Amino acid sequence: MSRPLARYIVRQQQEWIARSVEVQEKWRAELVKKAAATQFGKDHFFKDIHSYSDFREAVPVSDYEDLKPYVEKIKSGESDILWPGKPLYFAKTSGTTSGTKYIPISKDSISNHIDSARNAILTYIEETQRSEFLDNKLIFLSGSPILTETGGVLTGRLSGISNHHVPGYLRSNQLPSYDTNCIEDWETKLDKIIDETIDQRMSLISGIPPWVQMYFDRIIERTGKKIKDVFPDFSLFIYGGVNFEPYRAKLFESIGKPIDSIELYPASEGFLAYQDKQNDEGLLLLLDTGIFFEFIPVENYFDENPKRLSIGEVEVGKNYAVIVNNNAGLWGYSLGDTVKFVSTDPYKILVTGRIKHFISAFGEHVIGEEIEKALKYALERHPETEVVELTVAPMVTPAGGGLPYHEWLVEFATKPNDTEQFANDLDRRLTELNIYYKDLITGSILRRLELTPLRKNSFIDYMRANGKLGGQNKVPRLSNDRKIADELARLNGN
């Protein structure tokens, strides 16, 4: 049953890929037309928009704070504010500056979230001609599916909302149970998930890598076996939300055998992309699911009037901030993510970081992608090393005096044999990747980075202390301040 559907979905995919620019312009016009009579459409003169140039003039780049007055109207029960009618759901997320965010998901946009996840699996089936994993048990590690109401709109975490829309052909094999998924405390929930899954024929596991690793660690502690021996049918790992590379070695060491994986790029604001080829690291940008995309070159993002590009104007190899306009009523909405195109035929991306997650305390503007590449370089040269998690922050005024530096706070599963050389390799690669950082080092403005090893479970304890353990939460890889670094240091008794 799944293979004919997979063939059909991939054929549809090829059709819109061949018309990518045209398809995006169709969505821009359709979204504007449908929302013209909404409060936002009236405020921004949607009836006078006839081209992308008009659209850029009328619709400003926004973040949640800019759209919040409209969201508050919806929360108070009003209709036709950002999109016709009322949202089907609010996806509740934690904002770094806005507190709790309520992202609308409409009757029109829910298919973007649900069908895209389904299509990622079907695309894999069509490529590999493997579908037998659907006959066994499947784990989706997600947030609680319990929904509340906000202004008459069902409200919950995106993963919990998605849980209500798992297709029937998967639901019969889905684990954990609904009752277990409803447990809020992550560690209690994790133990219960293991109780329910450890004796099952598990073939697919899906979740954010650090939380899947916790699941694996607990199983190994309980059984003394590798995951392949606990779940001999385990053949497909589906993940998203973070860069997989820092977790890859430890995850596969825990599994004990190579298996296929599919990377997803889901967000509360929309399901943006997925990996459609096993041997291609690029993620296929989903251009025909109700989202009109715009891109701002990273170097222009903080300009007063930043340059905005449509899909036909992007270039391979450049970093862009992602802007979405969708059929739930997000307009000119900056996701905060940065991506780099690795192909324009079809349009494929890599997620390179967060526009607000960078270090530029001295003008170096080090971004997440550079941190990831430096780490990969060092790990290749120290194959005995396993990293659980890390974050990087500037040390502007060292306690003992001397030049400032970047501090890498790293929790190792296995430390490098030569920690000093590991730090040297990180620094060497970073100077190669970032000319500004190199100039600051050679100009004696900064000194070489400092590596601070952290005790076991430091990041878990940090997340627990901040009420963010489990679910879809993750620690930023780098920050322009020391808020996270100082709390980690405190948890380590420093």
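Reader: Which elements do the buried residues of α1 pack against?
Author: This model is predicted, and in it the buried residues of α1 are S2, A6, I9, V10, Q13, W16 and I17. Seen down the axis of α1, these residues fall within an arc of 120°, so they line one face of the helix. The elements that they pack against are α2 (20-34), α6 (110-128), β10 (270-274) and β11 (283-285).

Reader: Why do residues three or four places apart in an α-helix point the same way?
Author: The buried residues of α1 include A6, I9, V10 and Q13. The reason why such residues point the same way lies in the number of residues a turn, which in an α-helix is 3.6.

Reader: What span should the 16 residues of helix α1 have, and how far apart are its end C-alpha atoms?
Author: Helix α1 covers residues 2-17.

Reader: What covers the buried residues of α15?
Author: Helix α15 (residues 419-433) has 15 residues and reaches 21 Å from its first C-alpha to its last, close to the 21 Å expected. Its buried residues are F422, A423, D425, L426, D427, L430 and T431. Among the elements that cover them are β17 (366-367), α14 (368-381), β19 (405-414), α16 (435-442) and β20 (450-454).

Reader: How far is E263 from the nearest side chain of opposite charge?
Author: E263 belongs to strand β9, residues 260-267. A salt bridge needs a nitrogen of Lys or Arg within 4 Å of a carboxyl oxygen of Asp or Glu. Buried E263 has no salt bridge, and the nearest side chain of opposite charge is R248, at 6.6 Å.

Reader: Which residues is E263 in contact with, leaving aside its neighbours within four places in sequence?
Author: The neighbours left aside are those within four places of E263 in sequence. What remains is a list of contacts with Y239, Y274, Q275 and L283.

Reader: How many residues apart in sequence are the parts that D191 and R218 tie together?
Author: D191 and R218 form a salt bridge, with their closest N and O atoms 3.1 Å apart. D191 sits in helix α10 (residues 186-197) and R218 in helix α11 (residues 209-223), so the pair ties together parts whose separation in sequence, in residues, is 27.

Reader: What is the relative accessible area of D229?
Author: D229 forms a salt bridge with K228, and the closest N and O atoms are 3.1 Å apart. K228 is partly exposed, with a relative accessible area of 29%. D229 is also partly exposed, and its value is 42%.

Reader: Which residues are linked in a network of salt bridges?
Author: A search of the whole structure finds 28 salt bridges. One of them joins R455 and D461, at 2.8 Å from N to O. The network links D276, D280 and K348.

Reader: In which loop is P346 placed?
Author: A cis peptide bond joins D345 and P346, with omega about 0°. The loop that holds P346 is the one between β14 (333-344) and β15 (347-354).

Reader: In which loop is P176 placed?
Author: A cis peptide bond also joins L175 and P176, and omega there is about 0°. P176 is in the loop between β6 (174-175) and α9 (178-181).

Reader: Is F45 buried or exposed?
Author: F45 is not a glycine, although its phi is positive, about 55°. Its place is in the loop between α3 (39-43) and α4 (52-58). A residue counts as exposed over 50% relative accessible area. F45 has 57%, so F45 counts as exposed.

Reader: What is the relative accessibility of Q129?
Author: Q129 has a positive phi near 60° and is a residue other than glycine. The loop between α6 and β3 (137-140) is where Q129 lies. Q129 counts as partly exposed, at 35%.

Reader: What is the radius of gyration of the protein?
Author: The protein has 18 helices and 20 strands. For 494 residues the globule rule gives 23 Å, and the radius of gyration is close to that, so the protein is as compact as a globular protein of that length. The value for the protein is 23 Å.

Conventions. Residues are numbered from 1 along each chain as its sequence is written. This is a predicted model: local features need pLDDT of at least 70, side-chain atom pairs count only at pLDDT 80 or more; totals for chains, interfaces and linings use all residues. Side-chain values use heavy atoms; hydrogens and water are left out. Helices (H or I, at least four residues) and strands (E, at least two) are DSSP runs, numbered from the N terminus. Buried means under 20% relative accessible area, exposed over 50%, partly exposed in between (1.4 Å probe, protein chains only). Lys and Arg count as positive and Asp and Glu as negative; His and the chain ends are not counted. Contact means heavy atoms within 4.5 Å. The expected span of a helix is 1.5 Å times one less than its number of residues. The arc is that of the directions from the helix axis to the C-beta atoms. The radius of gyration is taken over C-alpha atoms; the globule rule is 2.2 Å times the number of residues to the power 0.38.
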